[in-house]
Amino acid sequence: MRSLQDFAPLRKVLIQLFGITPAPQNAAAAAIPPETVILVVDDEPQICEFVQRVLERAGYRAVCATSGAAALQIVERGSKPDLLLTEMMMPGMQGDELAARMRQAHPDLKVLYLTGFSQALFAQKSTVWEGEAFLEKPCSAVGLVEGVSRLLHGCVSRAVTVES
């Protein structure tokens, strides 16, 4: 566990990931496993659809939910996501509460918080756990895919190309 104060200089960039160099071609980084599932949760349907489209074009399987309760129902029906990509500030259930509830059944679940309210986020969430990261909205499609790849695989697992 690390304090967010350790990351104070990075507050503006969070993990914007601009300037990340993909792993060399001869590196041991593997291609995306065929059924890597990402559960995308955002109370704004347009953002959910955009994120889903970007991730699917990058080779991931993305499933969308527009609330924490809907996300929990998806998991209760048997879906086991490899990554939870959730808006932090949502009505009904905050992203970190959703992550905590999902980790009760799936303790190794990785979480990428997507937020347009980074200042409020740092005031509310004082720790970053292993397997968690933050991405500030708005972000580019390439930045989104690179952030997901870094969290899931520890590196940009292959050249990132995202069609518009």
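I began with helix H2: the cover over its buried residues includes strands S2 and S3 and helix H3 (95-105). Contact here means heavy atoms within 4.5 Å. Helices (H or I, at least four residues) and strands (E, at least two) are DSSP runs, numbered from the N terminus.

The model is predicted: local features need pLDDT of at least 70, side-chain atom pairs count only at pLDDT 80 or more, and totals for chains, interfaces and linings use all residues. Residues are numbered from 1 along each chain as its sequence is written, and side-chain values use heavy atoms, with hydrogens and water left out.

**Helix H2**

I looked up which residues of H2 (residues 68-76) are buried. They are Gly68, Ala71, Leu72, Ile74 and Val75. Buried means under 20% relative accessible area, exposed over 50%, partly exposed in between (1.4 Å probe, protein chains only). Seen down the axis of H2, these residues fall within an arc of 155°, so they line one face of the helix. The arc is taken from the directions from the helix axis to the C-beta atoms. Just after H2 I noted glycine 78, with a positive phi of about 110°.

**The sheet**

Next I traced the strand order. It is S3-S2-S4-S5-S7, an open sheet of 5 strands with parallel pairing. Two strands pair if DSSP finds at least two bridges between them. Strand S3 (61-65) and S7 are the edge strands, each pairing on one side only. From one strand to the next, the twist averages 20°.

I then checked S2 (residues 37-41) against S3. They pair in the parallel sense over 5 bridges. Leucine 39 stands opposite valine 63 in S3.

Helix H5 lies across S2, strand S4 (83-87), S5 and S7. H5 runs at about 155° to S5. Axes are lines fitted to C-alpha atoms, for helices over the stretch in contact, and angles run from 0 to 180 degrees between N-to-C directions.

**Aromatic rings**

How many aromatic pairs does a search of the whole structure find? I got 1. Tyrosine 113 and phenylalanine 134 are stacked, 5.2 Å centre to centre, with 25° between the planes. Rings of Phe, Tyr and Trp (its six-membered ring) pair if their centres lie within 6.5 Å; planes under 30 degrees apart count as stacked, over 60 as edge-to-face and the rest as tilted. The pair links distant parts of the chain, 21 residues apart: tyrosine 113 is in S5 (residues 110-115) and phenylalanine 134 in S7 (residues 132-136). Both tyrosine 113 and phenylalanine 134 are buried.

**After S7**

Last, I found a cis peptide bond between lysine 137 and proline 138, with omega about -5°. Proline 138 sits in the loop between S7 and helix H5 (141-153).
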